[in-house]
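Thanks for coming, everyone. I'll take one model and walk through a few of its features. Have a look at it first.

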Amino acid sequence: MGYITLPRRLFLWCMALIYMVAFVSLYLQIPGLYGNDGLLPARWQLRYSGKALWEQLLSSPTLLWLAPRLGLDTQTAMELLCLLGAALSLAATVLESLRDSLVFLFLWIMYLSMYQVGQVFLYFQWDSLLLETGFLCVLIAPVTSLRGWRAGREHDPVTFWLVRWLLFRLMFASGIVKLTSRCPTWWGLTALTYHYETQCIPTPLAWFAHQLPVWWHKLSVVATFAIEIAAPFLFLSPLRRLRLGAFYMQVVLQVLIILSGNYNFFNLLTLTMCLSLLDDEHIYFWLRKKYTPNPNQGTHTLAHTLCVVEIAVWALIGFGTVTWFDLQINWDKWTVSSRTVFTFHQFNQFLKTVTFPSVWLGVLSLTWELVSSMFRCACVEGFFKRFLGTVQWTVFGAAAVSMFAISLVPFTFIEYDSNASVWPGVRQGYDAVSRYQLVNSYGLFRRMTGVGGRPEVVIEGSMDKVTWTEIEFMYKPGNLSAPPSVITPHQPRLDWQMWFAALGTHTHSPWFTSLMYRLLQGKTDVIELIQSDVSQYPFHQQPPTYLRAHRYKYWFTKTLADGSYPQRWWKRVYIEEFYPTVYLGDTFLESMLSQHGLKDKSLPRRVSEAAVPQVVKWVRSQVRGVSAPLLLWSLLFCSVILCLLRGLQLEITLKTKPTAAKAEPKRRAPPHHPDAKEANSNDKDGLGQRQEEEREEVDAEEDERRGEDEESEREENDVRDELEEEEDGEEEEDGEEEANSVTHI
């Protein structure tokens, strides 16, 4: 693989942005979800049993155990952690020096602390994926606080390879589980005819995608299988163009998902992981900048051979897709028919055949990166640098091998026999670190829900038990005339859980009883989860006396016969009662609260009058009523603009400084300097002035040529050596500015 300096830096910048989004989005929902008057107060998860602090951290690794020692209650501590995480990640997006291994370690610890007490509202696959990717950032990012460890980064391809392996596990498992689940819609290639209207929070474009013909939906499912099952093997390929092709296939898939559905930061995180498939040469291609190729890339004969191999690989993927899904073009109707021609038994045999070979493919790919990095370490000039680079290679290589080994346990969950064959020592290592979410199993859209219609729970309130008013949520479908929302990258976690709750009974979602109880109490923190502008809540002046919930089935409306659009986005049919009519003091409500352990007799900790709790409280007062998507997009926009301005400033400085250096007159030697004495003696003969002018012209030409050579050499070193000489102070100031400008742009 080529040099990965720029993709690695871009990856760390994107990860800082995603951390900021995750912390801010969660911060806005903490009072309603985990506050003292929230749905599932986080303090219930931190029962102080008299154990030592170290034992508490081992049993549940979260910094919230320190809250009482700092005079903070659990809610205030959670808000403080989110604010610190958001501020630190925001600073890291603007200042490259803060994209440090220690900074990413702090971000990972803070998000893990939230995850440990997040309960059902934080148990999403993208939260686990963020924690796993965030820990990899700790290995990938430089340690700028240790000067010696910044000198050599020959191990970077090894640690960055772990992101490729994670991307492979994510996409391959997501494709496999769709077929191992035996979901009839995936096997019948009709899943997308239901997906757009049944996903949690669709976008307006989902309505238009739903109107596409069935043959197109089936063809899209075939393309999804090709992208998620076949293409991931190209991630581990040593051939550059195969990885680039797989990269753009993943980009197309993720962008289409973003356009049709609101999946918070998940697709942005997946796109960020795809950067591990790129190299410096391709980033330079994006920037339209000249790239000096590696002189040791091989002969033309080898290049032609590799081109033939790449064409054969793409032809094999295309042939397999056409064969396994019986793709046939109807030229009369301009359609493409498709069907699954293999059986579940055949697919299961295929899975048994490829699971362990894929593991060995990962072993070979990692070994190649390890050997290549070791060779680069051996070629470093200077004994001290070579020794330090070897030590770093040993440490980070061992870390990469360990992460790869323990990831085999969750990866092989997709096939039982392969999982049973995993070495017991690896399984013990996985069990030892499982609580830290270092590696996880994945599998998105395993089964298609809502085949007979999208189930939705609608809560209604009344003051007299006669007139009922629907309580409309900000984001999830409810009002038939309201268009779908666009809220990416924000995740309204209550709206998401309402979608899951509608798939079963209320007893499967104990938090729903708490929601009804808090709404009857009129708790503002919970109401703001439903409507950030409390004035839009129908019972904002007085809580309802009675509440109930019904289950409906929703469908997208269709275009009219004349091709015009209907006035409503949705249509619905009443199905059944989801939650009976309850009121404060109701026997059924009280029994459900007791059954689910939602009645807490202990009093919350009093808010301290110290400076930190008061600052946290003041910040909360400033963001009340603010739209979460608007706030997130504002922060993202400002971060990107600041980075672009910094890059533009450095680019302008880079262009103007050489001109100023050429225009600066050469300094005249002081009178006591030997050159000055020689010039004076020549002047007496009438020849000193001409000799001095000729010498200055020659010196100017040599300086100009030397400057051009040095500038060209610095440009190559910026790419080849990852600008590490700049960090050690061995490069000139011009080299620093040029490298930083390329990175920021």
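One term before we start: contact means heavy atoms within 4.5 Å. Next, the ground rules. This is a predicted model, where local features need pLDDT of at least 70 and side-chain atom pairs count only at pLDDT 80 or more, while totals for chains, interfaces and linings use all residues. Residues are numbered from 1 along each chain as its sequence is written, and side-chain values use heavy atoms, with hydrogens and water left out.

Let's begin with Gln 531. Helices (H or I, at least four residues) and strands (E, at least two) are DSSP runs, numbered from the N terminus. Gln 531 sits in the loop between H23 and S5. Leaving aside residues up to four places away in sequence, Gln 531 touches Glu 472, Phe 473, Met 474, Gln 536 and Tyr 537. With Glu 472 there is also a polar contact: a pair of N or O atoms within 3.5 Å, where within protein one must be able to donate a hydrogen and the other to accept it, and residues adjacent in sequence count only if both atoms are side-chain atoms. The Gln 531 side chain reaches the backbone oxygen of Glu 472 at 2.9 Å.

Is Gln 531 buried or exposed? The scale uses relative accessible area (1.4 Å probe, protein chains only): buried is under 20%, exposed over 50%, partly exposed in between. Gln 531 has a relative accessible area of 12%, so it is buried.

Now strand S3, residues 454-462. Nine of its nine residues are buried. In a regular strand, side chains alternate between the two faces of the sheet. From S3, Arg 454, Glu 456, Val 458, Glu 460 and Ser 462 point one way. Pro 455, Val 457, Ile 459 and Gly 461 point the other way.

What does S3 pair with? Two strands pair if DSSP finds at least two bridges between them. S3 and S5 (residues 546-556) are antiparallel, over nine bridges. The hairpin of S3 and S4 has six residues between the strands, and Lys 465 in it takes a positive phi near 70°.

That's the tour. Questions, please.
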